[in-house]
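Here is a short briefing on one model. Please keep the sequence and the structure open while reading.

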Amino acid sequence: MDDTVPQSRDAMRYRIEDMDDLAFLRIDEKHATWGTGAEDVKAALLDLVARGRVHIVVDLSYVEYADSSMLGALIAALKAANRKRGTIRLIVVNESVLTIF
C-alpha cells in the first residue's frame, strides 16, 4: 500500500507505505508543526495502530523544524502502539529536530 495524502491548505504532506509487518510514514514537509498539520500525522498514526499496524517507522529526515505539537503527536501514537505491544521508531537527521526530544 502506498497512500499519499493530497495537499490542501493546513494539511501536512506525508506518505504511508506498508513493508511486510511494518508501516512506514514519511513526512514531506520542512516544518512539522501545529500550523502545518501535526494533528493530521497524529490522526494517521492512530489510525494505523487502530487497524493493527503497530510497528511503525516515522521518517523525519526531510523535516528541518518540529514543534511540541509534533512531539505530542508522536507520543500519542507511541502510547497507543505500546498498548498493543507495538513500536514506533524515528528517522531523524537534522539536529534541530532532535532538540525537541
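Setting aside neighbours within four places in sequence, Val54 touches Val49, Ala81, Lys84, Gly86 and Thr87. The model is predicted. Val54 lies in the loop between H1 and E5.

**Val54**
- The relative accessibility of Val54 is 11%. Buried means under 20%, so Val54 counts as buried.
- Leu78 is 24 residues from Val54 in sequence. In space, their C-alpha atoms are 9.1 Å apart.

**Helix H2**
- Helix H2 covers residues 68-83 and has 16 residues.
- From first C-alpha to last, H2 reaches 22 Å, close to the 22 Å expected at 1.5 Å a residue.
- Which residues of H2 are buried? They are Ser69, Met70, Ala73, Leu74, Ala77, Ala80 and Ala81.
- Down the axis of H2, these buried residues fall within an arc of 140°, so they line one face of the helix.
- An α-helix has 3.6 residues a turn, so residues three or four places apart point the same way.
- What does the buried side of H2 pack against? Its buried residues meet strands E3 (22-27), E4 (31-32), E5 (55-59), E6 and E7 (87-91), along with helix H1 (38-50).
- Ser68, Lys79 and Arg83 are exposed, on the face of H2 turned away from its buried side.
- Arg85 follows H2 and has a positive phi, near 60°.

**Asp67**
- Asp67 sits in the loop between strand E6 (65-66) and helix H2.
- Is Asp67 buried or exposed? Asp67 is buried, yet has no salt bridge.
- The nearest side chain of opposite charge belongs to Lys42, 12 Å away.
- Beyond its neighbours within four places in sequence, Asp67 is in contact with Ala32, Thr33, Trp34 and Ile100.

**Strand pairing around E3**
- E2 (residues 14-19) and E3 run antiparallel, joined by 6 bridges.
- Within this pair, Ile16 stands opposite Leu25 in E3.
- The hairpin of E2 and E3 has 2 residues between the strands. There, Asp20 takes a positive phi near 55°.
- How many bridges join E3 to E5? There are 4, and these two strands run parallel.
- Phe24 has Val57 in E5 as its bridge partner.
- In a regular strand the side chains alternate between the two faces of the sheet.

Definitions and conventions
Residues numbered from 1 in each chain as written. Predicted model: local features only at pLDDT ≥ 70, side-chain atom pairs only at ≥ 80, totals over all residues. Heavy atoms only, no water. Buried < 20%, exposed > 50% of the residue type's maximum accessible area, 1.4 Å probe, protein only. Lys, Arg positive; Asp, Glu negative; His and termini not counted. Salt bridge = Lys/Arg side-chain N within 4 Å of Asp/Glu carboxyl O. Contact = heavy atoms within 4.5 Å. Expected span 1.5 Å × (residues − 1). Arc of directions from axis to C-beta. Pairing = 2+ DSSP bridges.
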